[in-house]
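Please keep the structure open while reading.

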Amino acid sequence: MQFARNAVVAGGTGLVGAELLKLLAAERRYGRITSLVRRETVSAGRVDNRVVSFDHLDRSELPEVDDAYCCLGTTRRVAGSDDAFRKVDFDYVLAYARAAQRAGAVRFLLVSAMGAKVESRFLYTRVKGQVEAAISTLGFQVVGIARPSFLIGRRARARGGETAALVLSQAVTPFMVGPLRRFRPIEARTVAAGLIYLAFSAREGVSVLSSEEIVSAVQSAHVEEELAVHGAVQPNNFKQSN
């Protein structure tokens with residue numbers, strides 16, 4: 001069987017990244033899947049780990065790749081300072097994108113955040129908006145951006161306050177209707193599936209999916225796949241959202 005694409009993932013130990021690697025390992029449309037890691041770890045399934053220095057990604061040579069997935073990210077609290085946060089969420093992401101481009105990537109799939117905006121008053125959403133803008137100018141054939149709201153899932157190391165926030169969000173979710181729907185928490189696995197959906201369905205240019213759009217796209221893809229298996233339809237192309 002001939003495989004058409006190779007994928008590389010940065011941030012595979014995070015909440016969305018870990019789910020993404022599980023999905024990619026079962027995704028037969030990829031021939032090789034590489035996860036960039038800081039230190040030697042046991043590879044899972046079809047995923048090959050490659051040790052890199054994220055401080056020197058500008059000098060790193062990545063394996064030949066078609067689709068570069070980026071799930072890198074931290075918080076101001078975890079990072080310890082504004083500069084340390086920006087280093088991870090902007091500098092590392094941009095350096096990774098450039099390294100992936102040198103390795104042949106034509107599609108870049110990025111996990112951002114709801115409210116990302118270059119002019120935001122808040123550091124977190126401002127840096128997310130700035131890195132989105134920077135990636136969008138690099139010349140990738142496709143830039144797919146997922147902007148999830150609050151993420152649901154198990155982290156290897158829980159961030160302070162997240163457990164309480166998760167319990168509260170799940171309790172109020174049924175009441176989040178109308179304009180509040182966009183603030184509903186979203187499963188990390190759904191976000192990961194949304195990135196893969198963008199990789200195979202997004203049109204050329206920059207496509208942005210909100211939490212609601214991620215859920216809708218993934219649900220639609222599953223329905224179309226089921227119908228296609230039975231010969232009822234052929235999957236539709238993704239409609240670009242900016």
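The charged end of Arg29 lies over the ring of Phe200, 3.8 Å from the ring centre; a charge sits over a ring if NZ of Lys or CZ of Arg is within 6 Å of the ring centre and within 35 degrees of the ring normal. The model is predicted, so local features need pLDDT of at least 70 and side-chain atom pairs count only at pLDDT 80 or more, while totals for chains, interfaces and linings use all residues. Residues are numbered from 1 along each chain as its sequence is written, and side-chain values use heavy atoms, with hydrogens and water left out. Arg86 is placed over the face of Phe90 at 4.3 Å from the ring centre.

Phe200 also takes part in ring pairing. Rings of Phe, Tyr and Trp (its six-membered ring) pair if their centres lie within 6.5 Å; planes under 30 degrees apart count as stacked, over 60 as edge-to-face and the rest as tilted. By this rule there are 6 aromatic pairs. One of them joins Tyr30 and Phe200 edge-to-face, with 5.4 Å centre to centre and 65° between the planes. Because Tyr30 belongs to strand E2 and Phe200 to helix H6 (residues 188-201), this pair ties together parts that are 170 residues apart in sequence. Helices (H or I, at least four residues) and strands (E, at least two) are DSSP runs, numbered from the N terminus. Ring pairs link Tyr30, Tyr69 and Phe200 into a cluster.

Is Tyr30 buried or exposed? Tyr30 counts as buried because its relative accessibility is 0%, whereas Phe200 is partly exposed at 23%. Buried means under 20% relative accessible area, exposed over 50%, and partly exposed in between (1.4 Å probe, protein chains only).

Strand E2, residues 30-37, also holds Thr34, which is buried at 5% relative accessibility. Leaving out residues up to four places away in sequence, Thr34 touches Ala7, Val8, Val9, Asp48, Arg50 and Pro63, where contact means heavy atoms within 4.5 Å.

In soluble globular proteins, nonpolar side chains tend to be buried together. A nonpolar core is a set of buried Ala, Val, Leu, Ile, Met, Phe, Trp, Tyr and Cys residues joined through side-chain atoms within 4.5 Å. The largest one here has 34 residues, and Leu36, Phe54, Tyr96, Phe108 and Ile135 have the most contacts inside it. Elements giving two or more residues to this core include helix H3 (82-102) and helix H4 (123-136). H3 supplies the largest share, 11 residues. Apart from this core lies another, of 33 residues, including Leu109, Ile186, Leu195 and Tyr197.
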